[in-house]
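These are my notebook entries on one protein chain. I set down what I looked up, topic by topic.

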Amino acid sequence: MAPAVAVASNQRDVEEVVKKLAELKPISRGNYSEKHIKGDGINALDQLPEPARNRFIRHNVDLSQGYPVKPPFEKIPKFVDEAFQIREEEYPYIERAKNADPEKKALFGAAKEVINLTKHIGTEIVGLQLSELTDQQKDELALLIAERVVVFFRDQDLSPQKQLELGHYWGQVEVHAQAPRLVDGISVIWSDYNRNNGLPLSFKNSRIGNSQWHTDLVHEKQPAGITHLHNDTIPSVGGDTLWASGYAAYDKLSPAFQKFLDGKTAIYRSAHLYIDRENPLKGPKYIEREHPIIRTHPATGWKSLFVNRSMTVRIVGLEPDESKVILEYLLSIFEKNLDIQVRFNWAPTKSGLGTSALWDNRVSQHNAVWDHEGLEPRHGTRVTSLAEIPYFDPESKSQREALGLSLN
């Protein structure tokens with residue numbers, strides 16, 4: 001048995017290592033280079049694109065503290081256990097779409113045009129301002145998003161304040177512990193800023209950051225529901241985003257494979273890394289949570305395949321090789337089947353206005369295309385409303401089964 005003095009000394013050494021690690025800068029998402037190309041990683045106000053600046057000025061947004069705002073160092077969690085606890089307590093969730101008129105008469109009746117962009121996913125609403133929606137229209141929009149996966153609104157004069165208000169209506173707004181923001185709850189989506197601060201985006205290395213298939217915040221106890229991205233600065237060519245339907249992906253599976261997957265769970269991880277307090281020298285560690293691999297949407301009652309390449313780690317109960325093979329096949333369904341995808345170009349039809357996309361993370365993946373190579377700016381603000389604890393209802397139906405469509 002080791003002497004008590006030696007054990008105490010080793011414990012103090014470990015505690016000292018943990019203390020020093022906690023004083024380091026937080027571990028960033030992705031493979032950031034050590035060299036910052038421009039700026040100090042905090043204030044990039046002088047680089048803010050003119051359309052975004054004009055939007056902020058028009059809506060009285062205070063930029064006196066710099067832009068984007070980084071959370072104070074002392075408030076950023078360094079250890080995986082403290083990051084895990086941020087939203088560990090369950091909170092009440094109201095599914096607004098359940099209050100909606102199934103025919104969506106208030107929403108559709110006020111629109112100039114409703115355009116389904118593909119058969120399975122994606123709808124554009126023309127002639128409505130998101131800032132002016134009534135509660136009834138917000139409920140109907142939530143149902144439309146649940147059914148069509150992603151809904152688009154061009155030519156929006158939308159303040160960040162109103163965007164945040166909409167997010168609070170649909171659920172608890174996520175405040176990211178590390179991400180640059182305008183204010184708490186409004187994240188900044190600005191690849192140029194990330195690139196200028198170390199993210200090695202290039203033509204040959206474009207599939208990093210948000211340019212890979214992913215679903216937001218799957219590591220949360222109550223993961224993301226509706227995400228609302230408003231792009232106020234859009235390249236003249238390029239900068240598109242793709243979405244893929246989890247409903248349609250599930251319907252691509254054979255009945256036997258569906259039965260095999262129904263009720264199974266998987267491990268989902270965070271995008272950011274943290275220090276393991278119990279084993280700080282082992283290396284960075286992700287937050288991990290277990291959720292159903294097939295989940296039921298509470299508003300539509302439809303089954304959806306809930307996996308994504310970036311953050312689904314393994315299927316619980318399977319051998320590692322079995323899980324790897326099955327996950328690769330499931331991910332390929334999202335990524336290779338063009339008939340269950342929609343690709344959207346954000347360009348507005350009126351100068352000086354922006355475009356909004358609102359999608360349901362419970363039933364989708366998305367992928368931002370970085371083909372403009374930073375030659376033209378792309379900037380937006382994002383608000384994400386968290387939803388229910390994921391669940392699987394064995395009595396629920398697939399989308400095609402519920403709609404009476406062919407299952408072949």
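**Entry 1: basis.** I noted that this is a predicted model, in which local features need pLDDT of at least 70 and side-chain atom pairs count only at pLDDT 80 or more, while totals for chains, interfaces and linings use all residues. Residues are numbered from 1 along each chain as its sequence is written, and side-chain values use heavy atoms, with hydrogens and water left out.

**Entry 2: whole chain.** I looked up the secondary structure and found eleven helices and 17 strands. Helices (H or I, at least four residues) and strands (E, at least two) are DSSP runs, numbered from the N terminus. Of the 408 residues, 51% count as buried, where buried means under 20% relative accessible area, with a 1.4 Å probe and protein chains only.

**Entry 3: the largest core.** I next looked up the nonpolar cores; such a core is a set of buried Ala, Val, Leu, Ile, Met, Phe, Trp, Tyr and Cys residues joined through side-chain atoms within 4.5 Å. The largest has 27 residues, and Leu253, Tyr268 and Leu330 are among those with the most contacts inside it. Strand 8 (241-245), helix 8 (246-251), helix 9 (255-261), strand 9 (265-274) and helix 10 (320-336) each supply at least two of its residues. Helix 10 gives the largest share, six residues. Which residues does Leu330 contact, leaving aside its neighbours within four places in sequence? I found Leu253, Phe257, Leu261, Ile293, Leu305 and Val307; contact means heavy atoms within 4.5 Å. Another core, of 21 residues, lies apart from this one and includes Phe153 and Trp170.

**Entry 4: sheet 10-9-13.** This open sheet has three strands with antiparallel pairing; two strands pair if DSSP finds at least two bridges between them. Strand 10 (285-292) and strand 13 (312-315) stand at the edges with a single partner strand each, so one side of each has no neighbour in the sheet. Seven bridges join strand 9 to strand 10, and Tyr268 has Arg289 in strand 10 as its bridge partner.

**Entry 5: sheet 14-8-16.** I found a further open sheet of three strands, again with antiparallel pairing. Why is one side of strand 14 (341-344) and of strand 16 (364-368) left without a neighbour in the sheet? Both stand at the edges, each with a single partner strand. Strand 8 and strand 14 pair over four bridges, and Leu242 has Arg343 in strand 14 as its bridge partner.

Notes: Buried means under 20% relative accessible area, exposed over 50%, partly exposed in between (1.4 Å probe, protein chains only).
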